[in-house]
Structure formats: structure tokens, C-alpha cells
Amino acid sequence: MSGDTMKILFAMIGYMLIVICIGLYFAKRAQANSENYFLGGRSLGPWVAAMSAEASDMSGWLLMGLPGVAYWCGISDAAWTAIGLALGTYINWLIVAKRLRRYSAVSGDAITVPDFLSNRFHEKKKVILGISAIFILVFFTVYAASCFVTCGKLFSTLFGASYHSMMIAGAIFVVVYTFIGGFLAESASDFMQAVVMVIALLTILILGTNAAGGIDAVIENVKNIPGFLDLFGIASPKTDSNGVQLAVNGAAQFGDAGEYGFLTIISTLSWGLGYFGVPQVLLRFMAIREEGELKKSRRIAAIWCVISLFAAVCIGVIGRALFPTDASLATASGAENVFIVLSQNLLPAVLAGIIMAGILAATISSSDSYLLIAASAFSKNIYEGILKKGKADDKKVMNVSRVVLLLIALIGLVIAWDENSVIFTLVSFAWAGFGATFGPVMLFSLFWKRINRPGAIAGMLAGGISVFVWKQFLKPLGGMWGIYELFPAFVISCVFIVIVSLCTKKPDQEIVKEFELAAGE
């Protein structure tokens, strides 16, 4: 291992030690009871709530997946996705946060998303609870796999080590950290990691632009690639049979620009719909200490999101201008290393290590959220809520959560075992799953008095199943079927909620009164 590589390693180890110290600091408080462990006792301030929500949501996908898409096929896919996410972030904090914070407290003091949905409809037979928990387990396992892929790619690229050994090492660190600290540690470290992430992005953006000769030089270097800078077209890299981009005389080869029509734009913008259903963000709404602080949190979250997404897309473009034929970036999967390649080439080793900690920060902040929420879905909702009918000992609930957390991590490792896995693809599927399963039912539960339990069940099943069906069977047909599965699945879920609710019995008066109390009517 070279001297520079050792410096990078030591810088990253220093960062990881700080994260561990945060976990140890909050450990005693987290272990007090399951509410503290899973929701932090509803004690998050506005800065921590906002920054931890965004850091846990964006993950390593922000620093690797999104720049990789921009590097590989130009700005259209990356930019429209970023626009959709920025809009979704702001609207979610604007219309959902306040109502959910109030309603989750009114509705049986719920501490998980399945708890809230089950309490919202006064379930005796915990069908919604069970469905919610199962979908959370499935989609968060995929999410965790995407984080492990990030760890594997990061460390194998940096240190030349085996992808699989580095992926396992990263997973072990995340699991141990989540065991120790719970939600408070996760949220506090996520705040710090959100700061590191945005600094890392802006640093590479500024240095990369300067190294390329300025903004005009960056544009000049990529403007002749068909469709690369076109919001209504998409670049098409020419590849060999192994998916490696062809290069002739030092120039990367591209085919004619592909079409990027209105339907594709709508489906890409629909990434923003996912925000209404992702538990890691919704939990921050439930955990903030004061309702009145949500306005401040909204502004912080929106500004962070816009700056970070803009920088990530630009980094992909700058990477293509500076390293058009780099062998490590010559496949769709390899292109996701563009942030790493830029960091190594533009910064002294120690600073590169600190910046690289931005990727590690994003990965840790997301994977611990995913593992903790998935574990709570089983331990609190299935084990305590269904199997033990609310009579489980609190310590047993926490022990079960740790066992489930370990099992989820192991399954995530299996999913992530293929080193050619594309982070963007894994995240997009899990994001669609949460958006379509929980987004519509959350919105209708908060804002439509007439929704009832059968409608909620039908909507969740229709949304979640539609994501699988569209992804596996319809999307491969191409054409109008080739749109991102979140959009049609979200619409299908909404239709089922409305039709089934209107065709079945109205909600009980007690449920209506609770709704009116939460709505301030």
C-alpha cells in the first residue's frame, strides 16, 4: 500500500472513530427503552431533523450513483431526477411533516410508520401493520444492499482490495454501529455526515471546474457528445460485448443521441413522489420535538437538497470532461466511481481521505437508517404487535430487532455480491417500492377523511405489487411501458384507495373525530 493510500486510509479511520464516539455517547439513552431506540423520544431539533432526513435519504447514491449517471449518459436522466427529488423534498416538508407529527402523537403515540397506519384505522386485526412491515423489510433489504455495494466499490477502488472483502467489512461496521446507538446516534451522526457530504460535493465541484479550465472549458469538452448536454435527449455510449465503452485515438465513442420525450421526463420527475412514502424521512417528521420548528427544518432541507443535487450532477459532467476514457469509468457500473477518481486526482492524500469520508458518511447515514427501520418493522410491528399482541417485554423487542437487523444485513450482502451491481438501479427500485406502497396511503390518511381500512389495504397492496410487476414484466417491453415503475404504481395505488374506500363502509365516527383533531378542524 503506497504512502498516499495510507494517508487516505488514516483520514477515513479518523472519521469512523468520530462516528463511533457519537454512537457511544448516545448508547445509554438509546438503550433505555424501545421508543428512545427507534424514535429518540421525539427530541430532534430542526437542524438535526432536516439534515439527518436528507443524509439518510440520499445515501452513497448521491455521491456515486447520480454523478455516475451524468458521466455515462449526460445530464438529462440525472438532471430530471434531481429536479423531481428537489420538488418532492420541499413539498413533503411543506404538506406532510406538520400533519404527520401531530397525527402520529394523537394516534396512539405511534413510533413507527406501520404503527401510525395501523393506529390511524384503529385496527383490531393487524393486517395493515403486517403488510407495512413486510414491504419495509423487502425494500429496505434492497436499500441496504445498495449501501454495501457503495462500500465495496469505494474501498476496492481506493485500496485495490477485493470488492467482496471490502463490502463485508463495511457491512460489519454499519451493523455494529446501529447495534450501539439506535435512532438518536443515527440522527446525530447523520447531521454531521450531511455537512461532510455537502462540503465534499462542493469541494470536488470547485476543484474539478478549475482543473478543467473553467465552466466554458467543461462545456467545450462535452458539447460535441450527441445528447450529452441536452435535457430532451440522452447520450448513448458505444460499448463492446462486455459493456465497456469503446475509445478510438483517445476519444470515447458515442452513438446518436437517444430520444428523451415528455413521458420519460414525467416518469423521471416522479422520483419526487417517492418522498411521500420513504420511512426514513417520515420518521424525522414524527421525531421532531416541536411542531413549530418544522418550517425552519423545511428551509434547511430544501437548500441542502438543491445544492447537493446540483453539485452531484455537475461532478459527473466535469468527470467526463477531465477523464473521458479512464479505464475505471468505462462501464455503467464503473462510471459510479467518478467522484472517487476526481478526489484522488485533485487533492492531496489526506484531504482526499477526508473528502472520501463523504461517501462513507452517506453510506453509513443511510444504511444504519435502513437497517434500524427494517428491524423495528419486524420487532415492533410483527413480533410485538401481531405475534405477542402488544404484550412483549421491551428488552425482548430490542433483542429481536438486533437479530433481525443482522439477518437483513446478511441478505443485503447476498444481493450486493455481484460487483457489477449499479447503485442507481438498486436505489431506484427500492425508492419506487416505498413511494408506491406508502406514499398514496400516507397522503390519503393525512388529508382525506373518507379513506377507510379496506381502501388503505387495497392501495398498499396494489402499489407494492405494481412496482414488481411493472419492473419485471412490463418495463422490458419498452416504448410507453419503459417508464420508471414508481409513476404508474403510484397512480394505480391512488385509484385503488379511492375506489375501494368509496365502495365500502365509511370510517367510524371515532376515527373521523381523531382525523379532525389532527387536522385542527
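Helices (H or I, at least four residues) and strands (E, at least two) are DSSP runs, numbered from the N terminus. The views below show a predicted model, in which local features need pLDDT of at least 70 and side-chain atom pairs count only at pLDDT 80 or more, while totals for chains, interfaces and linings use all residues. Residue numbers start from 1 along each chain as its sequence is written, and side-chain values use heavy atoms, with hydrogens and water left out.

View A. Not counting residues up to four places away in sequence, Leu 443 touches Ile 95, Val 96, Phe 276, Trp 448 and Phe 490; contact means heavy atoms within 4.5 Å. Ser 270 is 173 residues from Leu 443 in sequence, and the two are 15 Å apart in space, C-alpha to C-alpha.

**View B. The largest pocket.** Rolling a probe the size of a water molecule over the atoms shows where empty space is left. On a 1 Å grid over the protein atoms alone, a cavity is a set of points where a 1.4 Å probe fits but cannot get out, and a pocket is an open set with protein on both sides within 12 Å along at least five of seven lines; lining residues have an atom within 4 Å of a point. Grid points are joined across faces, edges and corners, and a volume is the space filled by probe spheres set on the points. The largest pocket holds about 620 Å³ of space. It is lined by 28 residues, of which Val 69, Asp 77, Ile 234, Phe 424 and Lys 475 are the closest to its centre. At least two lining residues come from each of α3 (46–73), α4 (75–106), α9 (262–269) and α15 (423–447), and α3 supplies the largest share, five residues. The lining comprises 13 nonpolar, 10 polar and five charged residues, where Ala, Val, Leu, Ile, Met, Phe, Trp, Tyr, Cys and Pro count as nonpolar, Asp, Glu, Lys and Arg as charged, and the others, Gly among them, as polar.

**View C. The second largest pocket.** This pocket has a volume of about 430 Å³. Among its 18 lining residues, Ile 75, Phe 310, Val 313, Cys 314 and Val 317 lie nearest the centre. Helices α4, α7 (163–211), α8 (215–222) and α11 (294–322) each contribute at least two residues to the lining, with the largest share, seven residues, from α11. The lining has 17 nonpolar residues, one polar residue and no charged residues.

**View D. The second largest cavity.** Asp 57, Met 58, Trp 61, Leu 85, Tyr 143, Trp 271, Val 427 and Trp 431 line the second largest cavity. Two or more of these residues come from each of α3 and α15; α3 gives the most, three residues. By class, seven are nonpolar, none is polar and one is charged.

**View E. The crossing of α6 and α16.** The axes of α6 (residues 127–159) and α16 (residues 453–474) come within 10 Å and cross at roughly 20 degrees. The two helices are therefore roughly parallel. The crossing of α6 past α16 is left-handed. Among the residues in contact are Ile 131, Phe 135 and Phe 139 of α6 and Met 460, Leu 461 and Phe 468 of α16. The contact residues divide into 12 nonpolar, two polar and one charged.

Definitions and conventions: Axes fitted to C-alpha atoms, helices over the stretch in contact; angles between N-to-C directions. Parallel < 35°, antiparallel > 145°, perpendicular 65-115°, else oblique. Left-handed = near helix turned anticlockwise from the far one by under 90°.
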